[in-house]
Amino acid sequence: MPRLNSADSDATVNLGESGIRFQNLHLSGTAYAQYFGSSADTNTLIQFAGSDDIRFRAGGTEQMRIKTTGVGIGTSSPGSKLHVNSGASDVAAIFESTDDYADIRLKDNSGSSYIRNAAGNLFLQADREDAVNNTTIRS
């Protein structure tokens with residue numbers, strides 16, 4: 001078991017000075033760490049970079065970043081709540097459903113519009129919930 005460092009006035013235990021590995025480590029209060037990862041896969045981890053962002057790395061490459069401005073996938077500087085940059089790939093995202101339709105809903109404080117795929121047909125629907133005043137454009 002690691003010994004208390006007598007130079008620490010707050011009775012902290014420095015696990016970094018010990019070669020001991022813990023099977024189950026239970027902490028109460030606040031725990032601070034710069035990285036969370038696995039010794040079995042050292043290039044896949046979660047990093048707390050100290051600049052109010054969280055970085056997710058897989059295979060040694062950053063895959064996603066959470067900042068105060070939003071979530072970035074493929075970008076380290078998200079410019080909105082969700083910012084996806086596919087790089088040289090034409091497909092930036094896939095939205096998939098296992099039933100007959102796949103919708104993307106765009107909503108503000110006064111209504112909703114949808115982009116829908118139904119059996120390979122594209123629908124643009126404005127105010128779909130309003131049975132009288134809705135508009136549908138079908139390809």
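## Salt bridges, loop threonines and strand pairing

At 22% relative accessibility, Glu-62 is classed as partly exposed (buried is under 20% relative accessible area, exposed over 50% and partly exposed in between, with a 1.4 Å probe and protein chains only). The model is predicted: local features need pLDDT of at least 70, side-chain atom pairs count only at pLDDT 80 or more, and totals for chains, interfaces and linings use all residues. Residues are numbered from 1 along each chain as its sequence is written, and side-chain values use heavy atoms, with hydrogens and water left out.

The structure holds five salt bridges, each defined as a side-chain nitrogen of Lys or Arg within 4 Å of a carboxyl oxygen of Asp or Glu. Three of them are listed here.

| Salt bridge | Closest N and O atoms |
|---|---|
| Lys-67 with Asp-53 | 3.8 Å |
| Glu-62 with Arg-65 | 2.8 Å |
| Asp-103 with Arg-116 | 2.7 Å |

The pair of Asp-103, in strand β7 (residues 101–108), and Arg-116, in strand β8, links distant parts of the chain, 13 residues apart; strands are DSSP runs of E of at least two residues, numbered from the N terminus. Asp-103 is partly exposed at 32% relative accessibility, whereas Arg-116 is buried at 16%. A network of salt bridges links Asp-53, Arg-55, Glu-62, Arg-65 and Lys-67.

Two threonines lie in loops. Thr-75, between β5 (70–73) and β6 (82–84), is buried at 15% relative accessibility. Leaving aside neighbours within four places in sequence, Thr-75 is in contact (heavy atoms within 4.5 Å) with Glu-62, Arg-65, His-83 and Asn-85. A polar atom of the Thr-75 side chain lies 3.2 Å from the backbone nitrogen of Ser-77. Thr-69, in the loop between β4 (61–67) and β5, is partly exposed at 41% relative accessible area. A polar atom of its side chain lies 2.9 Å from the backbone oxygen of Pro-78.

Strand β8 (residues 111–118) runs antiparallel to strand β9 (residues 121–126), and six bridges join them; strands pair if DSSP finds at least two bridges between them. The two form a hairpin with two residues between them, and Ala-119 in the turn has a positive phi of about 55 degrees. Strand β9 also pairs with β10 (residues 135–138) in the antiparallel sense, over four bridges. Leu-124 in β9 is the bridge partner of Ile-115, and Ile-137 in β10 is the bridge partner of Leu-124.

Notes: A polar contact is a pair of N or O atoms within 3.5 Å; within protein, one must be able to donate a hydrogen and the other to accept it, and residues adjacent in sequence count only if both atoms are side-chain atoms.
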